[in-house]
Amino acid sequence: MTFRLFKTALAAIAAVACAATTSAQSLIRDAEIETTLREWTDPILDVAGLKPQDVGLYIINDPSLNAFVANGQRIHLHTGLLIVVDTPEQLKV
């Protein structure tokens, strides 16, 4: 999936999810987006000495520029951060 297509798909999914829920944050689930994020993060996790299959990736439908790790091996990325970056490398840094 190209980066431009990735951002467009994510923005569309976030908009639909936002329309479906008024106040509660929700997780975005999309196989293509999750696969793309895995392709970007798995090599980094390998170098860090972590097993990629043990690390969870979660996309939170939230327009803020935020990402965080919880419980050691759960990476949470806000849709706002994913949409605003111009290249995959900006997200990886």
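Is Asn66 buried, partly exposed or exposed? Asn66 is partly exposed, because its relative accessible area is 32%, and buried here means under 20% relative accessible area, exposed over 50%, and partly exposed in between, with a 1.4 Å probe and protein chains only.

Before going on, a word on the model. This is a predicted model, in which local features need pLDDT of at least 70 and side-chain atom pairs count only at pLDDT 80 or more, while totals for chains, interfaces and linings use all residues. Residues are numbered from 1 along each chain as its sequence is written, and side-chain values use heavy atoms, with hydrogens and water left out.

The protein chain has four helices and four strands. Helices (H or I, at least four residues) and strands (E, at least two) are DSSP runs, numbered from the N terminus. From the N terminus on, the order is α-β-α-β-β-β-α-α. Of the 93 residues in the protein chain, 34% are buried.

Back to Asn66. Asn66 sits in the loop between strand E2 (56-60) and strand E3 (67-70). Leaving out residues up to four places away in sequence, Asn66 touches Leu77, His78 and Leu81, where contact means heavy atoms within 4.5 Å. Gly80 is 14 residues from Asn66 in sequence, and the two are 7.4 Å apart in space, C-alpha to C-alpha.

Next, helix H2. Asp30 caps the N-terminal end of H2, with a side-chain oxygen 3.2 Å from the backbone nitrogen of Glu32. The 17 residues of H2 (residues 31-47) should span 24 Å at 1.5 Å a residue, and the end C-alpha atoms are 24 Å apart, which agrees; the expected span is 1.5 Å times one less than the number of residues. H2 has a kink of about 35 degrees at Thr41, shortly before the proline Pro43. That bend is the angle between axes fitted to the seven residues ending there and the seven starting there. The buried residues of H2 are Ile33, Thr36, Leu37, Trp40, Thr41 and Leu45. Just after H2, Gly49 takes a positive phi of about 80 degrees.

Last, the lining of the largest pocket. A pocket is an open set of points on a 1 Å grid over the protein atoms alone, where a 1.4 Å probe fits, with protein on both sides within 12 Å along at least five of seven lines; lining residues have an atom within 4 Å of a point. Among the lining residues are Trp40, Thr41, Leu77 and Leu81. H2, strand E4 (74-78) and helix H4 (88-92) each give two or more residues to this lining. H2 gives the most, with five residues.

Conventions: A polar contact is a pair of N or O atoms within 3.5 Å; within protein, one must be able to donate a hydrogen and the other to accept it, and residues adjacent in sequence count only if both atoms are side-chain atoms.
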